[in-house]
Amino acid sequence: MATKKISSGTVHGLPADLRKALAVDPKALAKWEDITPLARNEWICWAISIKTPEKRKEHVGRVISELKEGMRRPCCWYGCVHRKDKALSSSQKSVMKRRE
């Protein structure tokens, strides 16, 4: 049985837990494939930047549910700090400074 290719982000590859959640939900997968690679990257980064397994599982579930609700990017999130193709915004710098 062949596994359907699921698109990843611009910087981040698709982690196994998010891949599995998308693979079993055709509606979420269709929404996932309809957003830009940059938007997918932000969802991935938002889901993997969590410290505890419980919270990460919650974030993966929210990716699926919020995609199906029509959200194209994570709400109220400062964005992927791993991108090297653009400078950090002032809000990203502020968040990073608070984490130090």
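A: Leu-18 is in contact with Trp-32, Ile-44, Val-60, Val-63 and Ile-64, leaving aside its neighbours within four places in sequence; contact means heavy atoms within 4.5 Å. The model is a predicted one, in which local features need pLDDT of at least 70 and side-chain atom pairs count only at pLDDT 80 or more, while totals for chains, interfaces and linings use all residues. Residues are numbered from 1 along each chain as its sequence is written, and side-chain values use heavy atoms, with hydrogens and water left out.

Leu-18 is one of the buried residues of α1, together with Ala-21 and Leu-22. Buried means under 20% relative accessible area, exposed means over 50%, and partly exposed lies in between (1.4 Å probe, protein chains only). The three residues cover an arc of only 95° around the axis, so they sit on the same side of α1; the arc is that of the directions from the helix axis to the C-beta atoms. An α-helix has 3.6 residues a turn, so residues three or four places apart point the same way. Ala-16 and Lys-20 are exposed, on the face of α1 turned away from its buried side. The buried residues of α1 pack against α2, α3 and α4.

The chain as a whole has 5 helices and 0 strands. Helices (H or I, at least four residues) and strands (E, at least two) are DSSP runs, numbered from the N terminus. Of the 100 residues in the protein chain, 38% count as buried.

Leu-18 also belongs to the largest nonpolar core, which has 18 residues. Such a core is a set of buried Ala, Val, Leu, Ile, Met, Phe, Trp, Tyr and Cys residues joined through side-chain atoms within 4.5 Å. The members that touch the most other members are Leu-14, Leu-18, Leu-22, Trp-32, Trp-43, Val-63 and Leu-67. At least two residues of this core come from each of α1 (16–23), α2 (26–34), α3 and α4, and α3 gives the most, with 5 residues. In soluble globular proteins, nonpolar side chains tend to be buried together.

Leu-14 lies in the segment before α1. Leu-14 counts as buried because its relative accessibility is 11%. Apart from neighbours within four places in sequence, Leu-14 is in contact with Ile-6, Ser-7, Ser-8, Arg-19, Leu-22, Trp-32 and Ile-44. Leu-14 and Trp-43 are 29 residues apart along the chain, and their C-alpha atoms are separated by 9.9 Å.

Axes are lines fitted to C-alpha atoms, for helices over the stretch in contact, and angles run from 0 to 180 degrees between N-to-C directions. On the α3 side, Trp-43, Trp-46, Ala-47 and Ile-48 meet Arg-56, His-59, Val-60, Arg-62, Val-63, Glu-66 and Leu-67 of α4. By class, the residues of this contact are 7 nonpolar, 1 polar and 3 charged. Here Ala, Val, Leu, Ile, Met, Phe, Trp, Tyr, Cys and Pro count as nonpolar, Asp, Glu, Lys and Arg as charged, and the others, Gly among them, as polar.

Glu-66, in helix α4, is buried, with a relative accessible area of 10%. Beyond its neighbours within four places in sequence, Glu-66 is in contact with Trp-43 and Met-71.

The axes of α2 and α4 come within 8 Å and cross at roughly 80°, so α2 is roughly perpendicular to α4. Lys-27, Ala-28, Lys-31 and Trp-32 of α2 meet Val-63, Ile-64, Leu-67 and Lys-68 of α4. This contact of α2 with α4 has 5 nonpolar, no polar and 3 charged residues.

Asp-25, in the loop between α1 and α2, counts as buried at 14% relative accessibility. With neighbours within four places in sequence left aside, Asp-25 is in contact with Ile-64 and Lys-68. Ile-64 is also among the contacts of Leu-18.

Terms used:
Parallel < 35°, antiparallel > 145°, perpendicular 65-115°, else oblique.
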